[in-house]
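Please work through the following exercises with the sequence and the coordinates open side by side. Each task is followed by a solution in steps.

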Amino acid sequence: MLRATLSSLKKSTALLFIASLFFSTLSHATNQEAYQEALKHWSKVLVEFVDDKGRTDFIALKEKPEDLKKMVNFIASASPKSHPELFPTRNDVLAYHSNTYNALAMHEVIKKKIPKNFSSFFKRAAFFKFRGVVIGGKKTNLYDYENKVIRPLDEPRIHFALNCMVKDCPRLPQQPFLSETLDKQFDDATVEFFTKDNHLRFDHEKNTAYLSWILDVYVDDFVESGKTKDLATYVNPYLSKPIPESYKIKFIKYDWTVNQQP
C-alpha cells in the first residue's frame, strides 16, 4: 500500500513538473509573440508618421494612435526586468530600451495637447520628470528611465538612438531597433549624428569645434575623465575628418522645438 502511494505521488509530481514546464514554455511563446506583434505596430508607426528627416506628423498620429497605443500597452506589461526571458542578450535589452524610450516620448507628445516646444526648464520638467509612464508594470518617468535604467547600461551610442521628439535630437529612424542588427544601427546613428551642422560644426578661425549639448550634459558617458576637453577622443573615430587636437570644444545651444512635420 505504501509503495503504491509513493509511486502515485512520484507520478503526480512528475506530471505537475511536466505541466509546469509546458505552461511556462507556452507562456514564454505567448509573450514572445506579443513582443514581436508590438514591434510590428511600432514599425507601422515609424513608417506611416515619421519622414526621412526624422520628423513626426504628430497631428495625424493623434488622429490615428492605435498602433502606437498597442506598442505602449506592451511596454506597460513587459520589460527586461519583469520578463528577463524575453531579453536574453545585452542587445535584446538595449534594443528594447531604445524603442521603448522613443515610443513613450512620442506617445506623451500626443497624449494631451501637442506642445510646440520644451524651451523652458519648467516645460521640460513637466514633460520628462513629472509625467508618469508605465514600463513592465512599474510607474516611472522619462527622466528617471533614461538616467536610472538606460545610462547605467554603459552604451554611449544609445544617446544617438534615443529621441525625445525635438529638433536637436538624433534623427528618429523609420524602422525599430533590432537586437540582431543593433551594433550597425547604433554605429550608423552615431556617424550620421555628427554629419549634421546642429550636432557638430567647426570654426577654423577660432580653432574651435562646436558639439551638441548632448555630449556636454552626458560627458561622463563618453569619456572616463569626465572632461569636455577630452570629447574629441570619443567623437573622432566616427568622423571622416577628425577634430584637431589643438581645437577647443564648445557646445551648441539645443533647439527644444517639437519636431513636427511641416
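The exercises below proceed from the whole chain to its sheet, helices, hairpin and single residues.

This is a predicted model, in which local features need pLDDT of at least 70 and side-chain atom pairs count only at pLDDT 80 or more, while totals for chains, interfaces and linings use all residues. Residues are numbered from 1 along each chain as its sequence is written, and side-chain values use heavy atoms, with hydrogens and water left out.

**Exercise 1. The chain as a whole**

Task: State how many helices and strands the chain has, and what percentage of its residues count as buried.

Solution. 
- Step 1. Helices (H or I, at least four residues) and strands (E, at least two) are DSSP runs, numbered from the N terminus. The chain has 10 helices and 5 strands.
- Step 2. Buried means under 20% relative accessible area, exposed over 50%, and partly exposed in between, with a 1.4 Å probe and protein chains only. Of the 262 residues, 44% count as buried.
- Step 3. A contact is defined by heavy atoms within 4.5 Å. Among contacts in the chain with a separation of 6 or more, 70% come from residues 24 or more positions apart.

**Exercise 2. The open sheet**

Task: Determine in what order the 3 strands of the open sheet lie, and which strands stand at its edges.

Solution. 
- Step 1. Two strands pair if DSSP finds at least two bridges between them. The order is S3-S4-S5, and the pairing is mixed.
- Step 2. Strand S3 (200-203) and strand S5 (248-252) each have a single partner strand, so one side of each is left without a neighbour in the sheet.
- Step 3. From one strand to the next the twist averages 30°; axes are lines fitted to C-alpha atoms, for helices over the stretch in contact, and angles run from 0 to 180 degrees between N-to-C directions.
- Step 4. Strand S4 (residues 208-212) pairs with S5 in the parallel sense over 5 bridges. Ala-209 stands opposite Ile-249 in S5.

**Exercise 3. Two helices**

Task: Check the span of helix H7 against its number of residues, and do likewise for helix H3.

Solution. 
- Step 1. The expected span of a helix is 1.5 Å times one less than its number of residues. The 12 residues of H7 (residues 182-193) should therefore span 16 Å, and the end C-alpha atoms are 16 Å apart, which agrees.
- Step 2. Leu-182, Gln-185, Phe-186, Ala-189, Thr-190 and Phe-193 are buried in H7. Seen down the axis, these buried residues fall within an arc of 130°, so they line one face of the helix. The arc is that of the directions from the helix axis to the C-beta atoms.
- Step 3. The buried residues of H7 pack against helix H4 (90-111), S4 and helix H8 (213-217).
- Step 4. H3 (residues 66-77) has 12 residues and should span 16 Å; its end C-alpha atoms are 17 Å apart, which agrees.
- Step 5. The buried residues of H3 are Asp-67, Leu-68, Met-71, Val-72, Phe-74 and Ile-75. They fall within an arc of 160° down the axis of H3, so they line one face of that helix.

**Exercise 4. The hairpin**

Task: Describe how strands S1 and S2 pair, and where the side chains of S1 point.

Solution. 
- Step 1. S1 and S2 (residues 138-141) pair in the antiparallel sense over 4 bridges. Ile-135 has Lys-138 in S2 as its bridge partner.
- Step 2. The hairpin has 2 residues between the strands, and Gly-136 takes a positive phi near 55°.

**Exercise 5. Single residues**

Solution. 
- Step 1. Asp-154 lies in the loop between helix H6 (142-150) and H7. Although not a glycine, Asp-154 has a positive phi of about 60°.
- Step 2. Thr-56, in the loop between helix H1 (2-49) and helix H2 (58-63), is in contact with residues including Met-165, Leu-172 and Asn-259.

Definitions and conventions. Lists of a residue's contacts leave out its neighbours within four places in sequence.
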